[in-house]
Each structure stands twice: as structure tokens, then as C-alpha cells.
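Let's take a friendly walk through this model, starting with charged side chains, moving on to aromatic rings and ending with confidence.

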Amino acid sequence: QENSSGKSNYNSLQTSLHVTNYHGFMSIVNYVWSKSLDNSSDGEDFVVNAAQPQDSNSPQREYGLSNFDIRNRFTWIAGFEFPKFSGSMQKLRNGWGADSTITVQSGQPFTLNYNFEDDYSGGGDGFDRPDVVGPIIYHKHDPRNFIDLSAFAMPCTVNVTQATLSGFASDCVAGTRHYGNLGRNSLIGPTYKQWDLAIYKNTAITERLNMQLRAEFFNLLNHPNF
């Protein structure tokens with residue numbers, strides 16, 4: 001497919017299961033598998049490399065996962081209204097119910113950039129990507145060390161004969177600076193998991209007037225999403 005921002009391709013597969021008011025129980029289960037590829041995910045570069053290529057002479061190298069690509073997404077929405085009781089204290093005993101929403105989805109793609117730290121490529125763009133020099137290893141249970149940075153290096157040959165290395169482009173051997181080979185959006189961020197729960201009580205005031213007291217708990221398990 002072609003659009004105003006360049007080359008793009010989107011594929012999606014969705015399946016759903018609905019249960020409606022089965023003895024007070026309601027459930028909607030939804031799963032979506034999708035894949036979105038493009039060479040420009042934004043009209044402006046609000047996210048680095050989202051709209052503008054790293055190397056303007058090689059825009060085809062920007063073709064990769066869209067910024068908004070989410071490969072797997074699972075949602076389960078459920079509700080239950082407790083059965084009505086007869087006898088005394090009906091206004092207190094009846095009208096109770098609960099709603100629940102569970103969302104689990106894959107991480108979104110991202111790119112490592114040298115954001116104006118120095119001009120490593122020599123192109124003067126300010127947001128060079130590094131070279132991949134080793135296997136990419138994720139530490140998905142340690143957000144402070146989510147990805148092993150030893151797999152990446154400055155896009156040049158480092159002059160190891162220098163007495164001290166600064167970590168800037170001045171360490172590069174003359175004539176070896178280039179655009180990094182790390183692909184746009186070739187890395188995948190942390191997954192997203194959340195469970196929201198609501199408990200409510202409906203009370204009839206008159207035939208046409210009802211009052212609802214409701215308590216809502218967002219991210220009930222206090223699971224951090226990075």
C-alpha cells in the first residue's frame with residue numbers, strides 16, 4: 001500500500017466471544033493479532049525517526065514496524081449482577097454487582113538514538129542510531145536494565161590507541177563514521193498488563209429513579225507498566 005507518508009502495510013486478525021446476560025453474567029473476550037509496517041509513522045518527528053529518516057539518502061532503510069504496532073492484544077470485559085433475594089431488607093441485600101476489565105498486550109517498538117549527544121555519523125542530523133555489535137539481550141523483569149547496552153556501539157571505528165576515550169565522535173578514526181545499522185523500531189518495549197475492577201450497588205428510589213453507589217479500582221494489582 002502507498003499513502004501520503006510513504007510505504008505502509010497493515011495486517012490484522014481478530015476474534016471475539018460474547019456472553020450476554022446468562023443468569024446475570026456478561027462477558028466479552030477479544031483477541032487481536034496485528035502487524036503494521038511503514039517507513040514513517042507520524043507527520044512530524046515528535047518521536048525521533050518517526051517521520052524523518054536517519055539518512056535522507058537511504059529512506060528505504062526506515063521501513064520497519066510502525067510506532068503504534070502492537071502484535072498481540074487480549075481483553076476480557078466481564079460483569080455480574082448478583083441474584084435478587086426475597087424476604088426482609090431487600091433494598092440492602094439486592095442490587096449488588098461487579099464489573100471487571102483485564103487488558104494484556106505486547107510491547108510497542110522503539111529505537112535507540114544518540115539524541116544530539118554528538119554527530120557520530122557525520123551527517124549533522126543529531127539523532128544517529130548505533131551499530132549492533134552483539135546479540136540483543138532483554139532483561140524483561142528488570143526495567144532499570146531492560147536491554148543489554150553492550151550489544152550496541154558508536155557507528156565508527158574507535159581509535160583505541162588514544163590515551164583516554166571520551167565516548168564522543170572525537171574517539172572515531174577519521175573517515176570511519178557512518179549511519180548505524182540498527183533498524184528503525186527494531187526493538188520491542190515492555191508488555192502492558194492491567195486489571196480494573198468495579199463494585200456497585202443499585203438501589204431503587206422510585207419506579208423511575210435509581211441510585212448507584214460505585215467503587216472503582218484501577219490497576220487493582222498495582223502492576224507497574226513501563
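Asp-99 and Arg-214 form a salt bridge, with their closest N and O atoms 3.0 Å apart; the term stands for a side-chain nitrogen of Lys or Arg within 4 Å of a carboxyl oxygen of Asp or Glu. Asp-99 lies in strand S6 and Arg-214 in strand S14 (residues 210–217), so this pair ties together parts that are 115 residues apart in sequence. Strands here are DSSP runs of E with at least two residues, and helices are runs of H or I with at least four, each numbered from the N terminus.

Arg-214 also has a salt bridge with Glu-216, where the closest N and O atoms are 2.7 Å apart. How accessible are its members? Asp-99 is partly exposed at 26% relative accessibility, Arg-214 is partly exposed at 38%, and Glu-216 is partly exposed at 44%. For these classes, buried means under 20% relative accessible area, exposed means over 50%, and partly exposed is in between, with a 1.4 Å probe and protein chains only.

## Before reading further

This is a predicted model, in which local features need pLDDT of at least 70 and side-chain atom pairs count only at pLDDT 80 or more, while totals for chains, interfaces and linings use all residues. Residues are numbered from 1 along each chain as its sequence is written, and side-chain values use heavy atoms, leaving out hydrogens and water.

Asp-38 is in strand S3 (residues 25–38), while Arg-184 is in the loop between strand S11 (152–153) and strand S12 (187–188), so the pair ties together parts that are 146 residues apart in sequence.

Are these two partners buried or exposed? Asp-38 counts as buried at 4% relative accessibility, and Arg-184 counts as buried at 3%.

## Aromatic pairs

The structure holds three aromatic pairs. Rings of Phe, Tyr and Trp (its six-membered ring) pair if their centres lie within 6.5 Å; planes under 30 degrees apart count as stacked, over 60 as edge-to-face and the rest as tilted. Among them is Phe-80 with Phe-82, an edge-to-face pair at 5.0 Å centre to centre and 80° between the planes. Phe-80 is partly exposed at 30% relative accessibility, and Phe-82 is partly exposed at 45%.

Tyr-138 and Phe-146 have ring centres 5.6 Å apart and planes at 65°, so this pair is edge-to-face. Tyr-138 is partly exposed at 27% relative accessible area, whereas Phe-146 is buried at 12%. Lys-140 lies over the face of Tyr-138, at 5.7 Å from the ring centre; the rule asks for NZ of Lys or CZ of Arg within 6 Å of the ring centre and within 35 degrees of the ring normal.

## Confidence along the chain

The mean pLDDT of the chain is 90, and 97% of its residues reach 70 or more; pLDDT is the predictor's confidence in each residue, from 0 to 100. Confidence is highest in strand S6 (residues 96–105), at a mean of 97, and lowest in strand S1 (residues 2–3), at 42.

Over residues 1–5 pLDDT stays under 50. Where pLDDT is low, the predicted coordinates should not be read in detail.

Technical notes: Contact means heavy atoms within 4.5 Å.
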